[in-house]
Amino acid sequence: MARTTERRQYADGPDTTAPLAPRITLAAPYTECLSDDCRKAGGPGVAATFTFAPNEADSDIVSYRYKLSSDPTWSSVTGETATVTRIPQQSGLYLLEVRAVDGTGWPGESARLDFMVARGEGAIGRWHFDEAGGTALDSGTVEGKARHHATLTGGATRDDRGRRGVRTYDSEGIPLPSPATDRGLSLDGSTGHAATSDPVVNTRASYTLSAWVRPDTLGSTDRTVLAQDGGFRLSYDASASTWTLLPSAPGAADHRTLVAEQPATPKAWTHLAATYDASADEARLYVNGRLQATGTVPGTGAQDGPLQFGRALSDESNAEYIDYFAGSIDEVAVWQRVLTDKEIADEARLMLGDGRNAVELVGDWSADGASGPVLTDTTSGYGPELTLSGGAALNGDSIELDGVNGAATADGPLVDGAGSFTVSTDVVLDGAAVSTWDVGRAGQVFARRTADGSTWGLWYEAAPMQTVFDPETLEEKLVPAGYWHFGRMNADGTYDAVMSDEAARTDVPVELTGVYDAQNGTIELYVGNNRNGGALTVANAPGPGEFTVGATTDGDSRTRHLPARINDIRVWAGAATSSQQVSEMTGD
């Protein structure tokens, strides 16, 4: 590398030059990429170790600044020579940039090194439960491993409510000849389960578990998602009202249960994952791709039996099974290694491989031709009902809201507020009504009250009137102005939300879509198919509150009523990834 010098003049000394590019040594298993040879090695979670040393022409080097391409900022390490270790979170090409720093604090030229991280070993078992019937096939990708198909027994069936939803593209992004509706495992909570005939996971070695669950009910009964006889148990614990991991059988010495921080949400899809690192005796529990609990646990013995989906072996008997799951389980996978946080987040995104995330429609209300006090979802397969109240009525093509006390509500949150979701609707805002609103007054399109008192949803907020030119009268006139917001209104009146780029149009249909990406912790707002503003980081919104259209709930009363006509209200589990996917989901 050619040397580029930079002169510095000091009052007490002569000119000096900045340090030259330092030397970088990369330790096995990784090797530096050359122009004609870039070999993959290691894998996610396999440490990369670098040693930094001064250029042979330099002296007085006291530290180094370095940045891996996956890092958001630069880091520093002291010493004339220094060794650092980084753990790649995913496969792919990485670039390391390093600068030596001399005693004056002057950073020098950059040295760069590329290396390629191989893909980690795939799942040793994966079950989609999308077969037409019979056993659930194991589609694990590790070559040479025995397949562990699962037999459905008792009140275990398949239904058309799989977590991958309706797919219109294959994994390569090519349109399918016809839409494919995903299927999932449905369990009755009393006898229904699936099981392999042999152990799948060696619980004495490192492993990872992953599953999507949608409990029909929670309450006072423990419910098991995954368990391997004599080994781990991933469950809902009624006494804690949340998800738990028992890495070893309860009879094992010093066994420990990991408990998630956030409460479980009934009637909503939730992603669960757990890891056990045998080298560190450490277990970790994740909910919706985010770490919830960590603990030091012992390994387990050689008592492991078959893998159970939806039940667990009793602590008291080797022949009795308990804690049957009531609801849906889907997209189960196990690995004989520890997945990184990034890999687990990707599992929670349920990426389809074509640039889209899988989305499952869980609520769909169209008022076309409807009348009466109840609007039923007849499309999604989950059947939630919107019950109208106050000045809300079905007029044959929309829900008409009077802005005074009109609202419509559905039981439950529909989606796990700590998980990714997408919501969409068509709104015709009553211009005459909002023209009288004071600046700052808000009306809710739809909302959900959360556990901390915040309101999560989409709303209209009045702004100062605007002067516009009327082409019919050729005169200026004042018109109501306001903006759409998507996010959360905090209990203290402040809010974290994305605002529409332009003032909301009144008296015409406007399509609004909100997206929450739980793994990134960001929200996005689309007006039509156009994203407005940027992605905004917000806290998640767990809580079992009802889903409300046209207002929000404050204690026992409803507030923030919206004067509008609303139709085609849709809710999906999963985050849309682009305006193109939003367009496909909303049918525009």
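This is a predicted model: local features need pLDDT of at least 70, side-chain atom pairs count only at pLDDT 80 or more; totals for chains, interfaces and linings use all residues.
**Figure 1. Helix α1 and the strands it packs against.** Here we look at α1, residues 341–349; helices (H or I, at least four residues) and strands (E, at least two) are DSSP runs, numbered from the N terminus. Its buried residues (under 20% relative accessible area, 1.4 Å probe, protein chains only) are Glu343, Ile344, Ala345, Glu347, Ala348 and Arg349. They pack against a set of strands, among them β11 (125–127), β18 (207–215) and β41 (509–517).

**Figure 2. An open sheet of three strands.** The order is β3-β5-β8, and the pairing is antiparallel. Since β3 (23–26) and β8 (82–86) are the edge strands with a single partner each, one side of each has no neighbour in the sheet. From one strand to the next, the twist averages 25 degrees (axes are lines fitted to C-alpha atoms, and angles run from 0 to 180 degrees between N-to-C directions). Strands count as paired if DSSP finds at least two bridges between them; β3 and β5 (residues 48–53) have four. Look for Leu26, opposite Phe50 in β5.

**Figure 3. The second largest cavity.** A cavity is a set of points on a 1 Å grid over the protein atoms alone where a 1.4 Å probe fits but cannot get out, and lining residues have an atom within 4 Å of a point. This one holds about 50 Å³ of space, a volume being the space filled by probe spheres set on the points, which are joined across faces, edges and corners. Its lining includes Arg163, Trp212, Trp269 and Asp416. (Ala, Val, Leu, Ile, Met, Phe, Trp, Tyr, Cys and Pro count as nonpolar, Asp, Glu, Lys and Arg as charged, and the others, Gly among them, as polar.)

**Figure 4. The largest cavity.** Its volume is about 100 Å³. Strand β37 (442–449) gives the most to the lining, with three residues. The lining has ten nonpolar residues, one polar and one charged.

Conventions: Residues are numbered from 1 along each chain as its sequence is written. Side-chain values use heavy atoms; hydrogens and water are left out. Buried means under 20% relative accessible area, exposed over 50%, partly exposed in between (1.4 Å probe, protein chains only). Contact means heavy atoms within 4.5 Å. On a 1 Å grid over the protein atoms alone, a cavity is a set of points where a 1.4 Å probe fits but cannot get out, and a pocket is an open set with protein on both sides within 12 Å along at least five of seven lines; lining residues have an atom within 4 Å of a point.
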